[in-house]
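Subject: Structure for you to look at

Hi,

Here is the structure I promised to pass on. Have a look at it first, and then read my notes below.

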Amino acid sequence: DFLYCGEWDTRKTNQTLFLVKGGKVVWTYEIPIKDGNGNLSEFSDMHRLSNGDIVFAYKTGWRKINAAGKTLYDYQCPRGTNGWTECHSAQPIGMDKVLFMQNGTPARLVLFDINTGKVQMEHEMRTKEPVDQKSVHGQFRNVRITNSGTYLIPHMNLGKVIEYDRDWKEVWSCDAPSVWHAA
């Protein structure tokens, strides 16, 4: 059983997420290809929780929905000082928190508590210089907090995976051109 989606199919007005069980599509969920601001959206990072809820990033934000497709929380990326920010990474932490990367000028890693609606941690992330609005899309994908509490960050535009401790000291790194995901 798994979740599946294509990415950025501009032939269609909606993007579709599929839940497959026993080799058959049993449920679908759609988002429009353009958000309310006219920005292109696309499914990105996605996770199904043990209770059936789904957390996914969709380029212009991230959302938590229940098994019926009802929106439980919807975070929409804000307009930054130099243009729109983007979100290609949303990792659920337990049932009520989400770790997400907001690509932008500057890029920020955020731990957000859905129940309180408050940011629990925020850290500005290093990106390739010079940073301009055209570089925002290629900054980060699929960031993770590990079981030991370190941050595993695929720096797409640096061509590296870097693991940071809780004090943001580099623990480990490796070259990884065009890195999309690290686990």
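Predicted model: local features only at pLDDT ≥ 70, side-chain atom pairs only at ≥ 80, totals over all residues.

Two elements, β3 (24-32) and β7 (71-76), each give two or more residues to the lining. The largest share is from β3, with 3 residues.

Now to β6, residues 61-65. How much of this strand is buried? The count is 5 of the 5 residues, so β6 is largely enclosed by the rest of the structure. For the reasoning here, buried means under 20% relative accessible area. In a regular strand, side chains alternate between the two faces of the sheet. In β6, G61, R63 and I65 point one way, while W62 and K64 point the other way, and all are buried. So the charged residues R63 and K64 are among the buried ones.

What does β6 pair with? On one hand there is β5 (residues 54-57), which runs antiparallel to β6 and is joined to it by 4 bridges. In that pairing, V55 sits opposite K64. The two strands form a hairpin with 3 residues between them, and K59 in the turn has a positive phi of about 70°. There is also β7, paired with β6 in the antiparallel sense over 5 bridges. The hairpin of β6 and β7 has 5 residues between the strands, and G69 takes a positive phi near 95°.

Further along, there is an open sheet of 4 strands in the order β14-β15-β16-β17, with antiparallel pairing. β14 (144-145) and β17 (170-175) stand at its edges with a single partner strand each, so one side of each has no neighbour in the sheet. The partner joined to β17 by 5 bridges is β16 (residues 160-164), and the two run antiparallel. Look for Y164, which stands opposite E170 in β17.

Cheers

Technical notes:
Residues numbered from 1 in each chain as written. Heavy atoms only, no water. Pairing = 2+ DSSP bridges. Buried < 20%, exposed > 50% of the residue type's maximum accessible area, 1.4 Å probe, protein only.
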